[in-house]
Amino acid sequence: MTAAQRATGASLLFLAAAVLAGFTLADAGVEYRTFGLVEGLFALLLTYVLVHRRAWELRHTLVAWIAVAYGTIANAQLLALLFPPPGLVQWVVVAGLAITAWAALGRGTSHRLMVSLGSLALVLAVLKFSVIPALWRQGPAAGTGFGLGDLAETGRRIFADYHPVRHGSELIGFVALCCWVLATRLLWPSREPALPRTSPHESGAAIPPS
């Protein structure tokens, strides 16, 4: 594939990831949720890190810039999918990422960057789709316990404004993540940059006598 074809394929996959990540199968029906300011800012930072660490190869062509633009939107939508619901948990997660994670992601090779992103996505998915729903079912339900249920409901909403979703939402999110991974593979540099060759004088090696 040529560079233009790879960038075009990446653009379409990023667009598919962005569209799919917004669909949510709620109890009341199908909802579509778009990213907010927090996810948008993190998406810009993530795009910079991916381009800077050469996980995304940015060529100075229009189709390559379009691919990166769609990739940024896909980043924001996937972060909105993986971030915990609004509340105290989201504040702790976002603050922790802003202080520590992004600095760590800016170091190392592009392969280590992708492993770090995969591990981070796994932790966020477990937190949102496993830990929070399990904790949400603890305590009395709203309207029970002579007012204790309402008090517990208020505390849960402060902890995380969680709204139950059907299991199909997780499958849609997984497909969106797969589209993002495939698009990133298309933007991956075809070869690693060659190391500069040094002369014997620069490397400190001794020159054998002639």
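Biologist: Is arginine 59 buried, partly exposed or exposed?

Modeller: Arginine 59 counts as partly exposed, at 40% relative accessibility, where buried means under 20% relative accessible area, exposed means over 50% and partly exposed lies in between, using a 1.4 Å probe and protein chains only. Please keep in mind that this is a predicted model, in which local features need pLDDT of at least 70 and side-chain atom pairs count only at pLDDT 80 or more, while totals for chains, interfaces and linings use all residues. Residues are numbered from 1 along each chain as its sequence is written, and side-chain values use heavy atoms, with hydrogens and water left out.

Biologist: Which residue does arginine 59 form a salt bridge with?

Modeller: Its partner is glutamate 57, and the closest N and O atoms of the two are 3.6 Å apart; a salt bridge here is a side-chain nitrogen of Lys or Arg within 4 Å of a carboxyl oxygen of Asp or Glu. Glutamate 57 is partly exposed, with a relative accessible area of 24%.

Biologist: How many salt bridges turn up in the whole structure?

Modeller: A search of the whole structure finds two. Arginine 33 is partly exposed at a relative accessible area of 36%, and glutamate 31 is partly exposed at 32%.

Biologist: New topic, then: which residues make the nonpolar surface patch?

Modeller: Leu15, Val19, Phe23, Val30, Tyr32, Phe35, Leu62, Ile66, Tyr70 and Ile73 make a patch of about 870 Å². Elements giving two or more residues to the patch are α1 (3-21), β2 (29-32) and α3 (62-82), and the largest share, four residues, comes from α3. Patches are made of residues with over 30% relative accessible area and no salt bridge, with nonpolar side chains (Val, Leu, Ile, Met, Phe, Trp, Tyr) joined within 5 Å and like charges within 9 Å. The areas come from the Shrake-Rupley method with a 1.4 Å probe, and for residues only the protein chains shown count as cover. Helices (H or I, at least four residues) and strands (E, at least two) are DSSP runs, numbered from the N terminus.

Biologist: And where does phenylalanine 35 lie?

Modeller: Phenylalanine 35 lies in the loop between β2 and α2 (37-52), and this residue is partly exposed, with a relative accessible area of 35%.

Biologist: At what angle do the axes of α1 and α3 cross?

Modeller: They cross at roughly 25° and come within 8 Å, the axes being lines fitted to C-alpha atoms, for helices over the stretch in contact, with angles running from 0 to 180 degrees between N-to-C directions. That makes α1 roughly parallel to α3, since angles under 35 degrees count as roughly parallel, over 145 as roughly antiparallel, 65 to 115 as roughly perpendicular and the rest as oblique.

Biologist: What about the axes of α2 and α3, at what angle do they cross?

Modeller: The axes of α2 and α3 come within 8 Å and cross at roughly 130°, and these two helices are therefore oblique to each other.

Biologist: Where is arginine 54, and what is its phi?

Modeller: Arginine 54 lies in the loop between α2 and α3, and its phi is near 60°, a positive value in a residue other than glycine. Most residues other than glycine have a negative phi. Arginine 54 is partly exposed, with a relative accessible area of 35%.
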